[in-house]
Amino acid sequence: AMAFPILTPQEAAELINHDDNLCLSGFTAAGTPKVVTQALAERAMKEHEAGRPFKVNVFTGASTNRWADGALAAANAINRRTPYQSTPELRQRINSHDCHYFDLHLSELAQKIRYGVFGDIDVAIIEVADVMGNGEVVLGTGVGNVPTYAALAKKVILELNTKLPKKLHGFHDIYL
């Protein structure tokens, strides 16, 4: 039996609210969520079409990918973003002042999150390679700041990437 409820990407996106502080797993594109962020971008577009604001503040281990920063920026769903970005969609939003960006050094983010500099962490979306029956999760290929995000987030959404090998179990050596 699965230790956690299984949600569709759309159901997971419904757990994220306007103005939430959202942390994404990964370090560059490796380990970054891919499907919940796209569903969140679709939700933001629907909210905007209905005349309601919908933007989140995004914190990551580094740059992400077109399925995270790209999709969210295309939907104008990012209010604040740090520490690093690399997608043309997000760069366009930053340059047009639709998104507030702070180029924080990557090594400083986890500590600043722990110190509460950016406020509470509402949601973390963490890509995992496996979920064990006992509730243990096997992280994907980009751990980054996941230990900090998982410890502090009010809600944690696990995005199971079935393309990753379950043999990653035991690969990570994480110490806080």
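In the predicted model, Glu136 is found in the loop that runs between strand E5 and strand E6, the latter spanning residues 137-139. With a relative accessibility of 37%, Glu136 counts as partly exposed. When neighbours within four places in sequence are set aside, the contacts of Glu136 are with Asp130, Val131 and His169. The C-alpha atom of Glu136 is separated by 23 Å from that of Ala29, a residue 107 positions away along the chain.

The overall architecture is considered next. The protein contains six helices and seven strands, and along the sequence these elements follow the pattern α-β-α-β-α-β-α-β-α-β-β-α-β. The radius of gyration is 15 Å, close to the 16 Å that the globule rule gives for 176 residues, so the protein is as compact as a globular protein of that length. Along the principal axes, the C-alpha atoms fill a box of roughly 45 × 35 × 25 Å. Buried residues make up 47% of the 176 residues. The accessible surface comes to about 9,100 Å², and carbon and sulfur atoms account for 54% of this surface.

In soluble globular proteins, nonpolar side chains tend to be buried together. The largest nonpolar core in this model has 26 residues, of which Ile16, Leu22, Leu40 and Ile125 touch the most other members. Two or more residues are given to this core by each of helix H1 (9-13), E1, H2, E2, H3, H4 and E5. The greatest contribution is that of H2, with five residues. Leu40 is in contact with Ala13, Ile16, Leu22, Phe54, Val56 and Leu72, leaving aside its neighbours within four places in sequence.

One aromatic pair is counted in the protein. This pair is formed by Phe59 and Phe118, whose rings lie 4.9 Å apart, centre to centre, with 45° between their planes, a tilted arrangement. Phe59 lies in strand E2 (residues 56-59), whereas Phe118 lies in the loop between helix H5 (109-114) and strand E5 (123-131), so the pair ties together parts that are 59 residues apart in sequence. Both Phe59 and Phe118 are buried.

Strand E2 also holds Asn57. At 2% relative accessibility, Asn57 counts as buried. The side chain of Asn57 reaches the backbone nitrogen of Arg80 at 3.1 Å. Once neighbours within four places in sequence are excluded, Asn57 is in contact with Asp19, Asp20, Asn21, Leu22, Asn79 and Arg80.

Helix H3 comprises residues 66-74, and its buried residues are Ala68, Asp69, Gly70, Ala71, Leu72 and Ala73. These buried residues pack against strand E1 (21-24), helix H2 (36-49), E2, strand E3 (78-82) and helix H4 (88-95). At the start of H3, a side-chain oxygen of Asn65 comes to within 2.9 Å of the backbone nitrogen of Trp67. Just after the helix, Asn76 adopts a positive phi of about 50°.

Two further loop residues were considered. Gln85 is placed in the loop between E3 and H4. The relative accessibility of Gln85 is 13%, under the 20% limit for a buried residue. A polar atom of the Gln85 side chain lies 3.4 Å from the backbone nitrogen of Thr87. Leaving aside neighbours within four places in sequence, Gln85 is in contact with Ser63, Asp69, Leu90, Arg91, Ile94 and Tyr101. Glu108, in turn, lies in the loop between strand E4 (100-101) and H5. At 34% relative accessibility, Glu108 counts as partly exposed. Glu108 and Pro83 are 25 residues apart in sequence, and their C-alpha atoms are 8.7 Å apart in space.

Technical notes. Residues are numbered from 1 along each chain as its sequence is written. This is a predicted model: local features need pLDDT of at least 70, side-chain atom pairs count only at pLDDT 80 or more; totals for chains, interfaces and linings use all residues. Side-chain values use heavy atoms; hydrogens and water are left out. Rings of Phe, Tyr and Trp (its six-membered ring) pair if their centres lie within 6.5 Å; planes under 30 degrees apart count as stacked, over 60 as edge-to-face and the rest as tilted. Helices (H or I, at least four residues) and strands (E, at least two) are DSSP runs, numbered from the N terminus. Buried means under 20% relative accessible area, exposed over 50%, partly exposed in between (1.4 Å probe, protein chains only). Contact means heavy atoms within 4.5 Å. A polar contact is a pair of N or O atoms within 3.5 Å; within protein, one must be able to donate a hydrogen and the other to accept it, and residues adjacent in sequence count only if both atoms are side-chain atoms. A nonpolar core is a set of buried Ala, Val, Leu, Ile, Met, Phe, Trp, Tyr and Cys residues joined through side-chain atoms within 4.5 Å. The radius of gyration is taken over C-alpha atoms; the globule rule is 2.2 Å times the number of residues to the power 0.38. Accessible areas come from the Shrake-Rupley method with a 1.4 Å probe; for residues, only the protein chains shown count as cover.
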